[in-house]
Amino acid sequence: MLDKITYFDNACMTLKPYQVIEAVNEYYEKYPVCGGSRSQHRLSNILGRKIEEGREAISELIGAERKEQIVFTKNTTEAVNLVAKGLGLGKGDTVLTTDKEHNSNTVPWILLRDDKGIKFDQVKTNDDGTFNLENFKESMNQSVELVSMIHTSNLDGTTTPAKEIGEIAHDYDALFLLDGAQSVPHKPVDVQDLDVDLLAFSVHKMLGPTGVGVLYGKEEVLERLTPLSAGGGSVKDSTYDSITLKDAPGKFEGGLQNYSALCGIKPAVDYLLDVGLEDIEQHEIELNRLATELLEDKVEVIGPHDPEKRSGIFNFRVKVLGCHEITVLLEEQDIITRGGMHCVHPWHRTRGELGGTRASFYLYNTEEEVKKFAQIFDDLLG
Ligand SMILES: Cc1ncc(COP(=O)(O)O)c(C=O)c1O
């Protein structure tokens with residue numbers, strides 16, 4: 001079925017290479033057991049090695065100093081929630097985001113505002129969707145404890161100047177959490193170069209199995225964070241009166257894990273590195289450039305006009321058709337896109353916008369597919 005389909009919903013979930021599927025199956029066929037340090041038998045030891053190979057691969061991919069700085073979560077959402085629940089923020093503390101965040105970097109802060117009385121503030125982006133550094137500087141003050149911002153937007157593909165944002169956040173002694181869900185899979189991201197304190201992303205958006213995310217943290221920040229879900233595997237010892245938590249990442253990874261998916265991390269990262277993240281980034285921009293050239297007279301593109309600034313995201317509106325109608329029409333021609341607000345509801349609500357149809361490209365998409373996509377609008381709109 002997949003071979004008939006042009007798949008342009010990569011910002012949500014990517015397809016999986018054979019190597020990843022094979023690694024997942026191998027877990028079930030050869031060592032379908034509990035991993036980590038709990039069981040000491042030989043099958044468990046094989047699995048333990050596979051998990052740590054995945055951790056090492058992610059650590060190298062994002063330039064972490066040590067693999068112990070890589071915490072496995074369910075997804076980006078869980079990684080952000082771990083930070084929201086674990087930092088101990090309360091009254092008098094401000095969390096600052098942009099006004100164009102995915103709900104996963106909005107909802108946890110609203111819940112924390114209602115529960116703990118934090119202040120939740122947003123930096124207004126420019127009308128074309130690009131980040132406004134001046135607005136950011138004006139929003140910063142001593143009460144900001146955490147700057148939590150998107151790196152590349154799932155709405156329009158723009159990328160924030162993360163390094164400068166981090167420097168300014170640190171001038172105010174605030175921590176900097178970067179949402180890398182749409183950057184880590186698509187371009188080189190180096191946590192030491194960007195000097196982020198925390199980075200969240202999802203492995204299922206980068207060729208990996210579904211149900212695995214990552215929270216990277218600087219050592220001292222991971223030490224400060226309390227676990228979101230603690231229990232078996234997250235403590236060194238416990239009595240009825242006290243517990244001794246493990247060091248990171250163990251203290252965050254309580255309970256049996258998504259082992260089959262963890263086994264698929266290394267092959268996914270190897271695949272990305274073999275192709276090369278610079279080349280992936282460039283390929284997506286070229287596809288976006290082609291889509292823009294072919295369609296700019298027929299559709300209204302969301303975000304800056306220059307495709308270089310929109311990475312692999314081509315999100316658009318058509319005056320005479322609703323975003324879901326377009327999605328259905330495209331699907332009838334075997335092209336999978338996504339219509340709606342793309343989990344960026346507040347941005348749409350404040351602008352009175354109903355949403356867009358998003359084509360999001362990845363390394364396996366081709367110019368022929370983009371031409372087929374554009375041709376449909378020629379046929380539809382003349
Ligand atoms: C920018 C961004 N952040 C966070 C998320 C949430 O990712 P997940 O659903 O894997 O938690 C997404 C998902 O599309 C995203 O695009």
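This is a short tour of a predicted model, stop by stop.

**Before you start**

Residues are numbered from 1 along each chain as its sequence is written. Because the model is predicted, local features need pLDDT of at least 70, side-chain atom pairs count only at pLDDT 80 or more, and totals for chains, interfaces and linings use all residues.

**The whole protein**

Show the C-alpha trace first. Along its principal axes it spans about 75 × 55 × 35 Å. The protein has a radius of gyration of 21 Å, which agrees with the value near 21 Å for a compact globule of 382 residues. (That radius is taken over C-alpha atoms, and the globule rule is 2.2 Å times the number of residues to the power 0.38.)

Now switch to cartoon. The secondary structure comes to 14 helices and 15 strands. Both are DSSP runs numbered from the N terminus: helices are H or I with at least four residues, strands are E with at least two.

**The ligand**

Select the ligand and its surroundings. Which residues come nearest? Around the ligand are 14 residues, and Asn75, Thr77, Asn154, Ala181 and Ser202 come nearest. (A residue is near a molecule or strand if its C-beta atom, placed from the backbone, lies within 6 Å of it.) The shell divides into 4 nonpolar, 9 polar and 1 charged. Here Ala, Val, Leu, Ile, Met, Phe, Trp, Tyr, Cys and Pro count as nonpolar, Asp, Glu, Lys and Arg as charged, and the others, Gly among them, as polar.

**Helices H3 and H4**

Two packed helices are described by the angle between their axes and the distance between the axes. Select 76–86 for H3 and 107–116 for H4. Their axes come within 9 Å and cross at roughly 20 degrees. (Axes are lines fitted to C-alpha atoms, for helices over the stretch in contact; angles run from 0 to 180 degrees between N-to-C directions.) H3 and H4 are therefore roughly parallel. (Angles under 35 degrees count as roughly parallel, over 145 as roughly antiparallel, 65 to 115 as roughly perpendicular and the rest as oblique.)

The crossing of H3 and H4 is right-handed. (Right-handed means that the near helix is turned clockwise from the far one by less than a right angle; left-handed, anticlockwise.) Show side chains next: Val80, Asn81 and Ala84 in H3 meet Pro108, Trp109 and Leu112 in H4. (Contact means C-beta atoms, placed from the backbone, within 7 Å.) That contact of H3 with H4 has 5 nonpolar, 1 polar and no charged residues.

**Helices H2 and H10**

Move to 42–61, H2, and 265–275, H10. They pack at about 30 degrees, axes 8 Å apart, and are therefore roughly parallel. This crossing of H2 and H10 is left-handed. Glu53, Gly54, Ala57, Ile58 and Leu61 in H2 meet Ile265, Lys266, Val269 and Asp270 in H10. The contact of H2 with H10 counts 5 nonpolar, 1 polar and 3 charged residues.

**Helices H11 and H14**

Select 277–295, H11, and 367–381, H14. The angle is about 20 degrees, with the axes 10 Å apart. That makes H11 roughly parallel to H14. H11 passes H14 in a right-handed crossing. H11 brings Leu287, Leu290, Ala291, Leu294 and Leu295; H14 brings Glu367, Val370, Phe373, Ala374 and Phe377. By class, the contact of H11 with H14 has 9 nonpolar, no polar and 1 charged residues.

**Two backbone details**

Zoom in on proline 249, in the loop between strand S10 (243–245) and helix H9 (259–263). Is the peptide bond from alanine 248 to proline 249 cis or trans? It is cis, with omega near 5 degrees.

Finish at aspartate 195, in the loop between helix H7 (191–194) and strand S7 (198–202). Phi of aspartate 195 is near 55 degrees, a positive value in a residue other than glycine.

Methods: Contact = placed C-beta atoms within 7 Å.
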